[in-house]
Amino acid sequence: MAQQQANRHGSEQRHRTHAWIAIVATVVALMLAVGVIWWGWAHHAHAPRPQATTPAPTATPSVTPSGSPSGAAPTASPSPTAADRAQEIVDGMSLDERAAQLVMTPLAAGTDPSAIHALIADEHVGSVILMGNWTSGVAGVREATEMLQSYADGPTRVLVATDQEGGQVQHLQGPGFETMPSEVTQGTMALADLQAASRGWGEQLHMAGVHVDLAPCVDTVTIDRASNAPVGALDRDYGLDAAGNAQHATAFVEGLRAAGVGAATKHFPGLGAVTGNTDFTTDGIVDTTTTRNGPEVQAFAQAIRAADPGMVMISLATYTAIDPDEPAAFSPTVIDGMVRGDIGYRGVVISDSLSASAVSTIAPADLGVRLVQAGGDLACVNDPAFTQPILEGLRARARDDAAFAGRVTQSARRVVALKLALGLAG
């Protein structure tokens with residue numbers, strides 16, 4: 001009995017002990033749970049909270065000839081922010097300075113860049129084309145382009161261009177510049193191979209400080225090649241039908257864009273049906289067969305819409321089925337009607353050289369004026385003697401004609417927008 005009582009007493013004692021242990025365990029568990037909840041609340045309350053963000057505007061792809069060759073791609077269509085910035089920059093310019101953005105003056109091989117120091121530093125001419133046979137290689141060209149940039153002290157830098165088509169038209173040569181095949185040979189290349197090759201050629205230009213390649217020729221030769229002096233006889237076209245020319249031109253432009261270099265599709269609406277070379281003659285430069293909606297024009301339309309080049313270059317031939325009264329570069333039907341209207345292009349429209357024989361009967365002071373009146377933007381000249389008269393003509397007309405001054409301002413905005421895309425303005 002005593003043993004049973006002892007056993008019962010011990011059992012009761014153990015039950016009391018287990019009860020206390022259970023109570024303590026429950027309390028501890030509750031405290032831990034409360035601690036976890038408190039820690040989570042405190043962490044959430046004091047953790048940095050993400051800030052609301054507005055998506056950044058899409059940067060204009062391209063042409064950043066001043067940026068990395070593998071960087072953004074060049075384009076003629078700036079983002080709204082870039083367009084606003086272009087307008088802001090142009091609004092800060094005088095009317096004379098705006099007119100100067102519409103002139104591209106030449107620098108010939110062997111000429112010291114200081115020869116055009118005053119045009120850039122004092123007259124504010126905004127663009128330069130490198131002409132002739134430069135054999136100094138990438139390093140030599142880079143030295144010259146850096147000197148040109150040192151002369152500019154305005155809100156934009158100098159846009160440097162050249163004709164680097166291939167074959168018989170390759171102005172920049174020497175160490176670092178690959179010898180480019182003619183466009184006819186390029187026309188035999190697969191599109192991907194041509195685009196890759198064009199990127200390599202563009203990277204060489206980029207390293208030399210060149211921002212725009214005035215190429216490719218999108219002309220479709222429709223007559224005997226040997227008799228087509230400006231294009232076919234020099235193998236300056238891709239040697240294909242209109243559709244093939246458009247596809248190869250697109251590949252060429254996109255290759256340059258990948259290198260950070262702009263392109264200029266030329267010579268709109270095509271030089272493939274004339275016998276005379278507009279650079280050297282006034283004979284044989286009337287095209288009687290090219291039409292506004294024909295395949296030759298459609299090749300340009302396809303390439304321009306697909307690749308959005310930095311520039312479109314307008315020829316100096318006359319097209320009787322389109323505008324029989326004016327050379328294309330001075331035709332509102334061609335520029336405002338076809339390039340801007342039919343195709344919808346909003347980038348820079350540049351003339352073929354206004355010092356060419358084709359327009360030699362027109363007073364130099366009127367050349368730039370007629371281009372801008374027709375809807376063009378950039379007067380390209382190969383003879384330095386034409387630069388000052390063209391510039392003065394633009395300025396004089398802008399001072400006297402408010403409507404023309406508005407066109408000058410609009411064109412300057414397009415040029416500056418391209419410079420922004422190229423990294424040549426802040």
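The entries below go from ground rules to core, helix, sheet, pocket, backbone and cysteines.

**Ground rules**

I am working with a predicted model, where local features need pLDDT of at least 70, side-chain atom pairs count only at pLDDT 80 or more, and totals for chains, interfaces and linings use all residues. Residues are numbered from 1 along each chain as its sequence is written, and side-chain values use heavy atoms, with hydrogens and water left out.

**Core**

I began with the nonpolar core, meaning a set of buried Ala, Val, Leu, Ile, Met, Phe, Trp, Tyr and Cys residues joined through side-chain atoms within 4.5 Å. For burial I used relative accessible area: buried is under 20%, exposed is over 50%, and partly exposed is in between, with a 1.4 Å probe and protein chains only.

The largest core holds 114 residues, and Phe 268, Met 311 and Ile 314 have the most contacts inside it. Helix H13 (residues 402-422) gives this core its largest share, 10 residues. Helices (H or I, at least four residues) and strands (E, at least two) are DSSP runs here, numbered from the N terminus.

Which residues does Met 311 touch, leaving aside its neighbours within four places in sequence? I counted a contact as heavy atoms within 4.5 Å. The list for Met 311 includes Met 104, Leu 159, Val 212, Ala 263, Tyr 345, Ile 350 and Leu 418.

**Helix H11**

Next I looked at helix H11 (residues 364-373), whose buried residues are Leu 367, Gly 368, Val 369, Leu 371 and Val 372. An α-helix has 3.6 residues a turn, so residues three or four places apart point the same way. Among the elements covering the buried residues of H11 I found helix H10 (333-342), strand S12 (348-351), strand S13 (379-380), helix H12 (387-400) and H13. Just after H11, Gly 375 takes a positive phi of about 115°.

I then traced an open sheet of 3 strands, in the order S8-S10-S11 and with mixed pairing. Strand S8 (286-287) and strand S11 (323-327) are at its edges with a single partner strand each, so one side of each has no neighbour in the sheet. Two strands pair if DSSP finds at least two bridges between them.

S8 and strand S10 (residues 318-319) run parallel and are joined by 2 bridges. Asp 287 has Tyr 319 as its bridge partner in S10. S10 and S11 run antiparallel, again with 2 bridges, and Tyr 319 has Asp 323 as its bridge partner in S11. With 3 residues between them, S10 and S11 form a hairpin.

**Pocket**

I asked where open space is left. The search used a 1 Å grid over the protein atoms alone; a pocket is an open set of points where a 1.4 Å probe fits, with protein on both sides within 12 Å along at least five of seven lines, and lining residues have an atom within 4 Å of a point. Points are joined across faces, edges and corners, and the volume is the space filled by probe spheres set on them.

The largest pocket has about 520 Å³ of space. Its lining has 29 residues, with Met 131, Asp 163, His 171, Asp 279 and Asn 382 nearest its centre. Strand S2 (127-131), strand S5 (169-170) and strand S7 (262-268) each give at least two residues to that lining.

Which peptide bond involving Pro 216 is cis? The one joining Ala 215 and Pro 216, with omega about 10°; Pro 216 lies in the loop between strand S6 (212-213) and helix H8 (242-258). I noted another cis bond from Lys 266 to His 267, with omega near 0°, and His 267 lies in strand S7.

For positive phi in a residue other than glycine, I noted His 124, near 65°. His 124 is in the loop between H4 and S2 and is partly exposed at 26% relative accessibility. Asp 308 also has a positive phi, near 45°; Asp 308 lies in the loop between helix H9 (295-307) and strand S9 (311-314) and is buried at 17% relative accessibility.

**Cysteines**

How many disulfides did I find? Taking a disulfide as a pair of cysteine sulfur atoms within 2.5 Å, the count is 0. I also looked up burial: Cys 217 is buried at 0% relative accessibility, and Cys 380 is buried at 2%.
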